[in-house]
Amino acid sequence: MVKVLFAGSPEAARITLESLLNAQNSFGFEIAGVLSNPPSAKGRHKDLVPTPVAAFAAEKGIPVFTPEHLDGAARDAISPLGADLLVCFAYGHIFGPKFLSLFPKGGINLHPSALPKYRGCSPVPAAIINRDKETAVTIQTLGLKMDEGDILAQTRVELNGSENGESLLKYSAEEGARLICHVIKETDKLGKLPAGKPQTGESSYTGIITKEDARINWKESAEVISAKVRAYYPQPGAWCLENGLTLRILEALSVADESFPAAASAACGQVYEFSKSDGILIKTGEGTLAVKMLQRQGKNAMDYKSFMNGARNFCGTVLE
């Protein structure tokens, strides 16, 4: 039986870990421990909150390790587990050669992109914001360079323009767990990781998404803005300013101006009409953005009809 150390931190990695736990008996492996980021200070009182992965693992009685650095002390703490294989998804740190040497069967990484395209930490938003027609869920070998390992398993994923960052990442987490199970099963059978295929094609890299990246430029087309809304949902959330206060646009569609005569005289960023069937209509550099869900600063997220019930003077506002 292969003993696994799972490394991950955010909610998507928690989904993968839960799927692996549910499948471990069927596929003949054991989650021996979990490696995650240290607790972070959150809320008004700056209480230390564990990552979703660490909290879930602790609840299930799995040993949890949250070192600040993967140094000698961390290796000494993890070594007694006797883990054979390191499985990683969104842990957030590069593994050094000394740490990787702890695992006789090596390490594998779940990466939600069609590698070598979109290496780095934000491949899911990148695929959506670029309006790609296809992406992938990839299992690769862990190496010393970021996301450059050989491909062990891969599922191609068609994109139809309705996905958002949350739904595509959730799918990737679930499908990635399925692929990981089969790679582990093959590893157990062979006594080592199966042979992978080197990455081919042009590589590209994604970085950390900032709040400013998610700001809406109303001079861009409705299609571009709609993609940004989907890509950055739920965090950091596409946003703009309404009278100096943050307004987050959480769900929206691109529609043609021709359906709405008032669009012809509207300025970019102007809320020019409220349609009970289509949403809150905002003029863009090309086309109209029909907003379905939005959130004012300090308020709860609301559907467009509920929002307009309490914002009767919203029409005519020019958003920045």
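Contact here means heavy atoms within 4.5 Å. The model is predicted.

**Helix 1.** This helix covers residues 11-27. Its buried residues include Ala12, Ile15, Leu17, Leu20 and Leu21. Among the elements that cover the buried residues of helix 1 are strand 1 (2-8), strand 2 (29-35), helix 2 (52-59) and helix 6. Strand 6 (85-89) and strand 7 (107-111) also belong to that cover. The helix is kinked by about 35°, with the centre on Leu21. After helix 1 comes Gly28, with a positive phi near 75°.

| Feature of helix 1 | Value |
|---|---|
| Number of residues | 17 residues |
| First C-alpha to last | 24 Å |
| Expected span at 1.5 Å a residue | 24 Å |
| Kink centred on Leu21 | about 35° |

**The cores.** The largest nonpolar core holds 47 residues. Phe6, Leu17, Leu20, Ile31, Val87 and Ile108 have the most contacts inside it. Helix 6 gives this core its largest share, 8 residues. A second core is separate and has 21 residues, including Trp218, Val229, Leu247 and Leu289.

Leu20 lies in helix 1 and is buried. Beyond its neighbours within four places in sequence, Leu20 touches Phe6, Phe29, Ile31, Val87, Ala177, Ile180 and Cys181.

**Helix 7.** Of the 10 residues in helix 7 (residues 222-231), 8 are buried, so the rest of the structure largely encloses this helix. Val229 is one of these buried residues, as are Lys228 and Arg230. The buried residues of helix 7 pack against helix 5 (123-129) and helix 6 (165-190). They also pack against strand 12 (238-242), strand 13 (245-255) and strand 16 (288-296).

Definitions and conventions:
Residues are numbered from 1 along each chain as its sequence is written. This is a predicted model: local features need pLDDT of at least 70, side-chain atom pairs count only at pLDDT 80 or more; totals for chains, interfaces and linings use all residues. Side-chain values use heavy atoms; hydrogens and water are left out. Buried means under 20% relative accessible area, exposed over 50%, partly exposed in between (1.4 Å probe, protein chains only). Helices (H or I, at least four residues) and strands (E, at least two) are DSSP runs, numbered from the N terminus. A nonpolar core is a set of buried Ala, Val, Leu, Ile, Met, Phe, Trp, Tyr and Cys residues joined through side-chain atoms within 4.5 Å. The expected span of a helix is 1.5 Å times one less than its number of residues. The bend at a residue is the angle between axes fitted to the seven residues ending there and the seven starting there.
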